[in-house]
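Welcome! Here is a friendly tour of a structure that may be new to you. Take a look at it first, and then read on.

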Amino acid sequence: MKIANQRIGRQLFLLLFLLLLAAFALCSQTQGRQEKKKKKAAQAAVLGIGPQFDQWLFTQDRAASAARRRLESTLKLQIAEIDRACQLTDAQKKNLQLAGTGDIVRFFDRCEDAREKFEAIKDQQQRAQQTWQLIEPLQRTLENGLFAGDSLFYKSLHRIVTGDQWTRYQAVANEEREFRRRAMIELVVASLEEEMPLSDKQRQRLITLLLSRVKLPRKPGSYAYYAIMLQFAKTPEEELKPLFDSMQWKVVVRNRSQFKGLEQFLKQNNIWPEKEDAE
Amino acid sequence: MHFMRLVCQPTKEQFERIAAEAETTHKATMRAPAMRFMATGVSVLRKPITDALLKSVRKVLSPEQAERYHKELELRNQALKRSVALNLVAKVDKFLILSPQQRRKLSKILQDHWQESWSELQMLMYGSQYFPQMPDAEISRILTDVQKEVWRGLTKAIVHFGFDLNRLNTDLGDEVWDEGRPPSPADADPATAKKKGRAGSGERK
């Protein structure tokens, strides 16, 4: 009995020892990773990489932490908007929150990868050349909106809400799109008027014509204006020309020719509106 | 000058008097905005130029013609304000996910608290990430708590794009009296053009 107890005691001691060893190994591994991270951060700080990279990437927020906070708030606002239109259940809200959080995590993983690649480039000239290539796709994701188009959030939304809720949400989303379309068309007209003032009658006619023809680009962001301008450039001459006098028409022709070369670029970057987008 | 001709339809004599006056006042008119641009970076040239031209129009043309010109300038100004306000609202909307009601309210706030520097359209055309300085107190009043939090965190900067040389290079050029083809609203109105034919109005006295 005594021998058996001693054996159990030894086995327990061994088990405890092994557990402690595993915990220590895990702990030192984590510590090692943290130290490595700290060391890397310290090196980056000395070189000015971390903050510099963040400032370039997050032009609006200046720092990754601020960008993350803003995106988390945007997610809340996005869910609140859908809730206003659809009266979501708690379970639906939770699922949307989960999907949106997934988009945020996925985005910051991409940022982290880009940062690592950036830090790995030791040659200053090479770094200068490649920085934009690393940062630009991430900035474009931010510009297009993290929860739009091909995001987890948007894809899940269709599955999470009922058909009736989807219809109600689409009505709200269409209203917002229509607002944006009108704003962009009026901006194109205002920018044209910087070179060539129009009478009120001409302005109203041009806006009406463009409203009947121009579709929103597939993605918002810095190229949206070009996409609208190009559609203006592609509006058939027989519809556009009667709105202007001969001198104004010369300016219109110059403007139209400036934007015609952009079509390929806008199509390649999935910005050019597809036929079905506005239908 | 072309816009003035289009709207007021002056006679050749009236046009030449206004053109002569514009020639002398042009330099003086441009000096103030140029100095302002040097000091602040704001390059809003339209108003000083149209103000100076309006003075000449009032001096030379009939009260009806001057009123027509003044009214068109007002309408043009309103259209610009509306366009800028709509686009600023769309820009804010992207970050704050506004409701339709909030969009309407914000548009009104911006038009009521208009700032001349917002007329630099490049900020809206090329998708700048920054917001101009906007009436924070009024805007905050229409926002929810979460929206306020996001709004406070957004960078609002005084960003000026300066002169848009591209646009200055492609302007209408100097307006000259063209006997053969003066500007006419009929040109811009196919229905009227059909009735009146292409007869120019430059020779009207």
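## Before we start

A residue counts as buried when its relative accessible area is under 20%, as exposed when that value is over 50%, and as partly exposed in between, using a 1.4 Å probe and protein chains only. This is a predicted model, in which local features need pLDDT of at least 70 and side-chain atom pairs count only at pLDDT 80 or more, while totals for chains, interfaces and linings use all residues. Residues are numbered from 1 along each chain as its sequence is written, chains are lettered from A and ligands numbered from 1 in the order in which they are written, and side-chain values use heavy atoms, with hydrogens and water left out.

## Chain A at a glance

Let us begin with chain A, which has twelve helices and zero strands. Helices (H or I, at least four residues) and strands (E, at least two) are DSSP runs, numbered from the N terminus. Of the 279 residues in chain A, 44% are buried.

How do contacts reach along the sequence? Taking contact to mean heavy atoms within 4.5 Å, and looking in chain A at contacts between residues at least 6 apart in sequence, 73% join residues at least 24 apart.

## Where chain A meets chain B

On the chain A side, 49 residues are in contact with 55 residues of chain B. About 4,700 Å² is buried between chain A and chain B, and carbon and sulfur atoms give 55% of that area. Buried area here is the accessible area (1.4 Å probe) that two parts lose on being put together, summed over both. Within chain A, the residues that lose the most area to chain B are Gln60(A), Leu77(A) and Phe179(A), together 15% of what that side buries.

Nine residue pairs are in polar contact across the interface of chain A and chain B, both residues being at pLDDT 80 or more. A polar contact is a pair of N or O atoms within 3.5 Å; within protein, one must be able to donate a hydrogen and the other to accept it, and residues adjacent in sequence count only if both atoms are side-chain atoms. Which helix of chain A gives the most to the side that touches chain B? Helix 7 of chain A does, with 15 residues. By class, this side of chain A has 17 nonpolar, twelve polar and 20 charged residues. In this grouping, Ala, Val, Leu, Ile, Met, Phe, Trp, Tyr, Cys and Pro count as nonpolar, Asp, Glu, Lys and Arg as charged, and the others, Gly among them, as polar.

## Salt bridges

Side chains of opposite charge can pair when their charged atoms come close. A salt bridge is a side-chain nitrogen of Lys or Arg within 4 Å of a carboxyl oxygen of Asp or Glu. The count comes to 20 salt bridges over all chains, and two are found across the interface of chain A and chain B. Glu186(A) forms a salt bridge with Arg82(B), with the closest N and O atoms 2.9 Å apart.

Inside chain A, Arg181(A) and Glu178(A) meet in a salt bridge at 3.1 Å, N to O. These two are three residues apart in helix 7 of chain A, so about one helical turn separates them. Arg181(A) is buried at 13% relative accessibility, whereas Glu178(A) is partly exposed at 37%.

Glu263(A) has two partners to look for. With Lys234(A), its closest N and O atoms are 2.9 Å apart, and this pair links distant parts of the chain, from helix 9 to helix 12 (residues 263-268) of chain A, 29 residues apart. With Lys267(A), the closest N and O atoms are 2.8 Å apart, and both residues lie in helix 12 of chain A, four residues apart, about one turn of the helix. Glu263(A) counts as buried at 19% relative accessibility, while Lys234(A) is partly exposed at 40% and Lys267(A) is partly exposed at 44%.

## Aromatic pairs

Rings of Phe, Tyr and Trp (its six-membered ring) pair if their centres lie within 6.5 Å; planes under 30 degrees apart count as stacked, over 60 as edge-to-face and the rest as tilted. Over all chains the count comes to 17 aromatic pairs. Why is the pair of Tyr223(A) and Tyr226(A) tilted? Their ring centres are 6.1 Å apart and their planes stand at 40°, so the pair is tilted. Tyr223(A) is partly exposed at 28% relative accessible area, and Tyr226(A) is partly exposed at 23%.

In chain B, Phe95(B) and Phe131(B) form an edge-to-face pair, 5.4 Å centre to centre with 70° between the planes. Phe95(B) is buried at 10% relative accessible area, and Phe131(B) is buried at 0%.
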